Amino acid sequence: MSEYVFAPPAVSAVPVAGGGLFPVRRIYCVGRNYAAHAREMGADPTREPPFFFAKPADAVLTGGADLPYPPQTKNLHHEMELVVGIGTGGADIPVAEALGHVWGYAAGLDMTRRDLQNAAKKEGKPWEMGKGFDLSAPIGTMIPAARFPDPSRGRVALTVNGQIRQQGDLADLIWSIAETVAFLSGLVRLAPGDLIFTGTPEGVGPVVRGDLLEGVVEGVGTVRTRIA
Ligand code: MN
């Protein structure tokens, strides 16, 4: 007989190409990791240390399911990103070893209630409710790292209703995938199941009910959701 006073929550998971599920422990996100996006957000894209925020593990939305337009916003934005799945944990991971801790990669969307985020920024308050709302992390099928051995290049793009909205390349990341994993592991101990959204290229913008979002990371895969 379990000692839980009610049934524990289900484990969030991301489908893996070819079968199986990647269980999600935590979701970390990198802010402003492409210079052009930093500029469009009114920031100076100097190579200051990367900064991170988090979403709840159960914010993942998989299988191309619809995303219900979330409450308390009039400015829901898309941010198309490469997502890293950690397979081997660790703290203070050296940059040269960082990619060895990656289990796989996926295409994902860091959906953002931009109005709430901007209000929080202005008042020096946490971004949490702008970023970590329910189902705020649509994500595609994960591929094992061996199938994407060089995450230093690859087109990252998003269309909305077939119109191109975001387009960038992993080559333009301010902090590389290895540097990002290494830096984050100096702030928190990483563990199997951690996801890292690695930042978005320029072109973020609003979506409305009915919009179909289709994103791709070249060499990794796609992510798709409709705003319902
Ligand atoms: Mn983002």
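These legends accompany several close-up views of a predicted model.

In this predicted model, local features need pLDDT of at least 70 and side-chain atom pairs count only at pLDDT 80 or more, while totals for chains, interfaces and linings use all residues. Residues are numbered from 1 along each chain as its sequence is written, and side-chain values use heavy atoms, with hydrogens and water left out.

**View 1. The whole protein chain.**
Helices (H or I, at least four residues) and strands (E, at least two) are DSSP runs, numbered from the N terminus. Along the principal axes, the C-alpha atoms fill a box of roughly 45 × 45 × 40 Å. Of the 228 residues, 50% count as buried; buried means under 20% relative accessible area, exposed over 50%, and partly exposed in between (1.4 Å probe, protein chains only). Among contacts (heavy atoms within 4.5 Å) between residues at least 6 apart in sequence, 76% join residues at least 24 apart.

**View 2. The surface and its charges.**
The protein chain exposes about 10500 Å², and carbon and sulfur atoms supply 55% of it. Accessible areas come from the Shrake-Rupley method with a 1.4 Å probe; for residues, only the protein chains shown count as cover. The mean positions of the 21 positive and 24 negative charges are 4 Å apart. Lys and Arg count as positive and Asp and Glu as negative, with His and the chain ends not counted; each charge is placed at NZ of Lys, CZ of Arg, CG of Asp or CD of Glu.

**View 3. The nonpolar cores.**
The largest nonpolar core has 41 residues, and Y105, M111 and V181 have the most contacts inside it. Such a core is a set of buried Ala, Val, Leu, Ile, Met, Phe, Trp, Tyr and Cys residues joined through side-chain atoms within 4.5 Å. Elements that each supply at least two residues of this core include strand 3 (27-31), strand 7 (80-86), strand 8 (102-109) and strand 12 (155-160). Helix 5 gives the most to this core, with 5 residues. Apart from this core lies another, of 18 residues, among them A57, V83, A137 and M142.

Zooming in on V181, its contacts beyond four places in sequence are V84, I86, I93, A98, V102, L190 and I196.

V95 is found in helix 2 and counts as partly exposed, at 45% relative accessibility. Leaving aside neighbours within four places in sequence, V95 is in contact with A178, E179 and A182. V95 and F183 are 88 residues apart in sequence, yet their C-alpha atoms are 8.1 Å apart in space.

**View 4. F53 in strand 4.**
F53 lies in strand 4 and is buried, with a relative accessible area of 13%. From F53 to I27 the C-alpha separation is 8.6 Å, across 26 residues of sequence.

Between helix 4 (128-131) and strand 10 (137-138), the loop includes F133, which is buried at a relative accessible area of 4%. Not counting residues up to four places away in sequence, F133 touches A59, P70, L76, M111, T112, R113 and E128. The C-alpha atoms of F133 and P56, 77 residues apart along the chain, are separated by 8.0 Å. L135 sits in the loop between helix 4 and strand 10 too, and is partly exposed, with a relative accessible area of 27%. Phi of L135 is near 60 degrees, a positive value in a residue other than glycine.

**View 5. N161 in its loop.**
N161 is placed in the loop between strand 12 and strand 13 (163-169). Although not a glycine, N161 has a positive phi of about 55 degrees. N161 counts as partly exposed, at 43% relative accessibility.
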